Amino acid sequence: MNREIFEEEHEEFRRSFRRFLDVEAVPHAREWEAEHVVDRTFWPKAGALGFLGFEAPERFGGLGIADFRYNAVVVEETALSGMAGDNFSLHNDIVAPYLVEYATEEQQERWLPGFVEGTTVTAIAMTEPGAGSDLAAIQTKGRIEGDEVVIDGSKTFITNGSQADLVIALVRTGEGDGRGLTLVAVEGGTPGFTRGTPLVKAGRMAQDTAELAFSDCRVPVANIIGERGRAFDIVKRNLPRERLSIAVNAVASARRGLALAVEHATTRTTFGKPLAEHQVVRHTLAELHTAVEVAGSHVDRCILALNAGELSAAEAAGAKYWATELEGRVLDEALQLFGGYGYMDEYPISRMWRDARIQRIYGGASAIMLDIVGRDLTRSVPA
Ligand SMILES: Cc1cc2nc3c(=O)[nH]c(=O)nc-3n(C[C@H](O)[C@H](O)[C@H](O)COP(=O)(O)OP(=O)(O)OC[C@H]3O[C@@H](n4cnc5c(N)ncnc54)[C@H](O)[C@@H]3O)c2cc1C
């Protein structure tokens with residue numbers, strides 16, 4: 001069955017983004033993995049071709065296109081090309097709404113042109129050494145002094161952290177809705193803002209993930225995004241989109257892993273016949289294929305629901321939970337079918353298997369996703 005959610009313009013965008021990846025990214029994958037970061041020149045190349053910040057208004061260089069199908073195309077083609085990049089999805093899927101929907105006109109004038117051009121790499125810094133799943137436990141302080149916010153604290157595991165020119169940090173200023181959290185944009189080079197070198201991880205080797213530190217870091221109050229002390233609501237409203245992006249990536253990567261396994265099973269011979277002619281192998285492939293297609297249909301529905309403004313927190317959490325758990329299972333079974341070869345770094349399946357592991361943790365761990373779905377399900381049940 002064909003997927004029905006895309007129009008010809010999305011497919012054209014897909015072809016052109018894929019060509020771009022094949023020329024500008026795939027040949028550099030190994031080099032970037034060794035550096036633990038993609039080359040900085042990759043960003044403006046993508047920006048010049050319209051692959052970044054396309055939902056920004058045209059007056060700031062964007063295309064004014066708020067259609068998550070384009071975001072999905074970027075995420076899918078990145079996964080299908082074998083690049084485990086979170087860099088663009090962080091920029092396009094996660095940071096974009098903070099700047100496009102919640103930043104003031106003045107802030108947009110300062111930040112959006114570079115965001116679209118790829119000269120302003122962005123990050124969002126919520127997680128801290130002592131607060132990940134439980135964002136309400138955030139300790140980084142934002143003290144208001146006159147027309148400045150003075151930030152003290154540290155963040156960890158921040159995607160694009162070592163390269164970012166603009167970091168949206170979640171800090172505790174107090175007051176507001178009682179949780180007292182505020183989003184403040186910190187520009188690279190601000191005195192008191194330092195970052196570590198990219199962290200060395202178990203997978204997603206080319207992905208820039210860094211620790212950030214703020215010490216008496218002073219930024220203008222004019223850099224606060226949204227209302228002071230009321231950031232929790234904005235974060236909550238944006239999380240479904242972040243989780244859907246991860247689910248889209250999970251389905252694409254499961255599809256690619258499965259395709260590699262099918263190809264291998266039809267060519268590798270054991271006991272005098274191709275692996276695929278052993279019924280147990282065929283059944284494994286068939287079972288995984290069916291599960292991926294079912295998950296893909298559901299995630300497609302979620303994409304349309306997000307476009308229509310109807311994707312709930314619980315639906316997005318459920319999609320992320322299901323797609324990422326399935327991705328883990330598919331890639332594990334696929335690697336198994338490759339036998340010892342599957343454990344060799346030169347085989348793409350081994351990298352995909354490593355890269356997939358974090359999907360069940362970041363953007364909200366599976367246990368947290370189930371909790372969101374469960375609470376939603378039982379909310380209306382009388383005690
Ligand atoms: C590669 C990478 C990129 C990341 N990018 C970013 C980023 O750009 N910005 C950012 O802010 N953060 C980022 N993160 C952080 C990520 O979102 C957190 O790691 C994640 O939310 C989990 O938080 P934690 O690591 O503190 O784990 P903890 O909160 O300590 O949880 C540990 C485990 O305990 C379990 N658990 C926790 N709470 C519950 C509960 N209530 N019930 C049952 N089980 C529970 C879960 O299994 C969870 O995995 C990134 C992390 C990584 C590794």
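User: Which residues are linked in a network of salt bridges here?
Analyst: In this predicted model, a network of salt bridges links Arg3, Glu11, Arg14, Arg18, Asp22, Glu76, Glu77 and Asp300.

User: Why can such side chains pair at all?
Analyst: Side chains that carry opposite charges can pair when their charged atoms come close.

User: How many salt bridges are found in the whole structure?
Analyst: A search of the whole structure gives 34 salt bridges.

User: What about arginine 375, which residue does its side chain meet in a salt bridge?
Analyst: The partner of arginine 375 is aspartate 371, at 3.3 Å from N to O. Both residues lie in helix H11 (residues 366–378); they are four residues apart, so about one helical turn separates them.

User: How exposed is each of them?
Analyst: Arginine 375 is exposed, at a relative accessible area of 59%. Aspartate 371 is partly exposed, at 39% relative accessibility.

User: Which residue does aspartate 376 meet?
Analyst: The side chain of aspartate 376 meets that of arginine 379 in a salt bridge of 3.1 Å, N to O. Aspartate 376 is partly exposed, with a relative accessible area of 34%, and arginine 379 counts as exposed at 66% relative accessibility.

User: Let us change topic to helix H6. What span should its residues have?
Analyst: Helix H6 covers residues 105–117, and at 1.5 Å a residue its 13 residues should span 18 Å. The end C-alpha atoms are 18 Å apart, which agrees with that expectation.

User: Where does H6 bend?
Analyst: The bend is at tryptophan 111 and amounts to about 40°. A proline, proline 113, follows within four residues.

User: Which residues of H6 are buried, and what do they pack against?
Analyst: The buried residues of H6 are Gln107, Gln108, Trp111, Leu112, Gly114, Phe115 and Val116. They pack against two helices, H3 (42–48) and H5 (87–102). They also pack against the strands S1 (122–125), S4 (166–172), S5 (181–187) and S8 (224–225).

User: What comes just after H6?
Analyst: Glycine 118 is found there, with a positive phi of about 85°.

User: Lastly, where does glutamine 279 lie?
Analyst: Glutamine 279 is in helix H8. It is partly exposed, with a relative accessible area of 48%.

User: What separates the C-alpha atoms of glutamine 279 and isoleucine 138?
Analyst: A distance of 52 Å separates those C-alpha atoms, and the two residues are 141 residues apart along the chain.

Methods:
Residues are numbered from 1 along each chain as its sequence is written. This is a predicted model: local features need pLDDT of at least 70, side-chain atom pairs count only at pLDDT 80 or more; totals for chains, interfaces and linings use all residues. Side-chain values use heavy atoms; hydrogens and water are left out. The expected span of a helix is 1.5 Å times one less than its number of residues. The bend at a residue is the angle between axes fitted to the seven residues ending there and the seven starting there. Buried means under 20% relative accessible area, exposed over 50%, partly exposed in between (1.4 Å probe, protein chains only). Contact means heavy atoms within 4.5 Å. A salt bridge is a side-chain nitrogen of Lys or Arg within 4 Å of a carboxyl oxygen of Asp or Glu.
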